[in-house]
Amino acid sequence: MPVSTHVGFIEVRIAKVVGFGPPLADRAFECVVLDELSGSRQVVLEIGEKEAFYLAAALQNLDFARPMTYQFAAALLNSASGRVREVRVDRLVEGAYAATVDVEGPLGVRSVDARASDALNLAALTNAPVFVSSQVADDADRRQEGEATEARLLRLAPEIPHMRITKEKP
């Protein structure tokens, strides 16, 4: 059950991660598609290549031989009797999306500042609810306007298949 009762936030689920490269993009371009739970809105956010890889792997329930950074962070939190209560992608900082992760533990609830992609990775591993502020959603919509390559790719992201991560056999 959602914990957040913040006005101006929409609850979303992490639907998929998509990646583009040549010929559609001059450089690697990855984004995450967030689906509104109580409506039809989709919020598409550009994220870094490594963060996209690990988020796609988490959505596929892919296991690694050793814990990766986000799995390690989730295990640390769990070992300290804490849990991610919720993630809010709530603002822009220097043009990048930022988030607040509410962590509940023995000392109560604490809010932790995070990059949006890091917070989404942690939410995916801990099944924490995710919320996006209306300001962030509106900014994400504005970034899809026009004919720039990034705008076209952001508009295309909800329509293409999700990123598949495969492990090579030794």
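Is Arg83 buried, partly exposed or exposed? Hold that one for a moment.

First, the ground rules. This is a predicted model, in which local features need pLDDT of at least 70 and side-chain atom pairs count only at pLDDT 80 or more, while totals for chains, interfaces and linings use all residues. Residues are numbered from 1 along each chain as its sequence is written, and side-chain values use heavy atoms, with hydrogens and water left out.

Back to Arg83. Arg83 is partly exposed, at a relative accessible area of 41%. The scale runs like this: buried is under 20% relative accessible area, exposed is over 50%, and partly exposed is in between, with a 1.4 Å probe and protein chains only.

Now, which side chain does Arg83 meet in a salt bridge? Glu104, at 2.7 Å from N to O. A salt bridge here is a side-chain nitrogen of Lys or Arg within 4 Å of a carboxyl oxygen of Asp or Glu. This pair links distant parts of the chain: Arg83 sits in strand β4 (residues 83-93) and Glu104 in strand β5, 21 residues apart. Strands and helices are DSSP runs numbered from the N terminus, with at least two residues (E) for a strand and at least four (H or I) for a helix. Glu104 is partly exposed too, at 29%.

Next pair. Arg91 and Asp113 form a salt bridge, and their closest N and O atoms are 2.1 Å apart. Arg91 is in strand β4 and Asp113 in strand β6, so the pair ties together parts 22 residues apart in sequence. Arg91 is partly exposed at 27%. Asp113 is exposed at 58%.

One more pair: Glu147 with Arg155, closest N and O atoms 3.5 Å apart. Glu147 is exposed, at 57%, and Arg155 is partly exposed, at 31%. There is also a network of salt bridges, linking Arg27, Glu46 and Glu150. The count of salt bridges comes to 15.

On to a hairpin. Strand β2 (residues 29-36) and strand β3 (residues 42-47) pair in the antiparallel sense, over six bridges. To pair, two strands need at least two bridges found by DSSP. Five residues lie between β2 and β3 in this hairpin. Look at Val33: its bridge partner in β3 is Val44.

Now the empty space. Rolling a probe the size of a water molecule over the atoms shows where empty space is left. Two terms matter. On a 1 Å grid over the protein atoms alone, a cavity is a set of points where a 1.4 Å probe fits but cannot get out; a pocket is an open set with protein on both sides within 12 Å along at least five of seven lines; and lining residues have an atom within 4 Å of a point. Grid points are joined across faces, edges and corners, and a volume is the space filled by probe spheres set on the points.

The largest pocket has a volume of about 280 Å³. Its lining has 15 residues, and nearest the centre are Glu46, Ile47, Ala96, Tyr97 and Ser117. At least two lining residues come from each of β3, β5 (96-105), β6 (108-115) and α3 (116-126).

β1 (9-20), α1 (49-59) and α3 each supply at least two residues of its lining. The largest share, three residues, comes from β1. This lining divides into eight nonpolar, two polar and one charged.

How many cavities of 30 Å³ or more does a search of the whole structure find? One. α1, α2 (69-79) and α3 are the elements that give two or more residues to the lining. α1 has the largest share, with three. The lining has eight nonpolar residues, two polar and no charged.

Last stop, helix α2. Tyr70, Ala74 and Leu77 are buried there. They cover an arc of only 60° around the axis, which puts them on the same side of α2. That arc is taken from the directions from the helix axis to the C-beta atoms. The face of α2 turned away from the buried side carries the exposed residues Thr69 and Ser79.

Key
Nonpolar A, V, L, I, M, F, W, Y, C, P; charged D, E, K, R; others polar.
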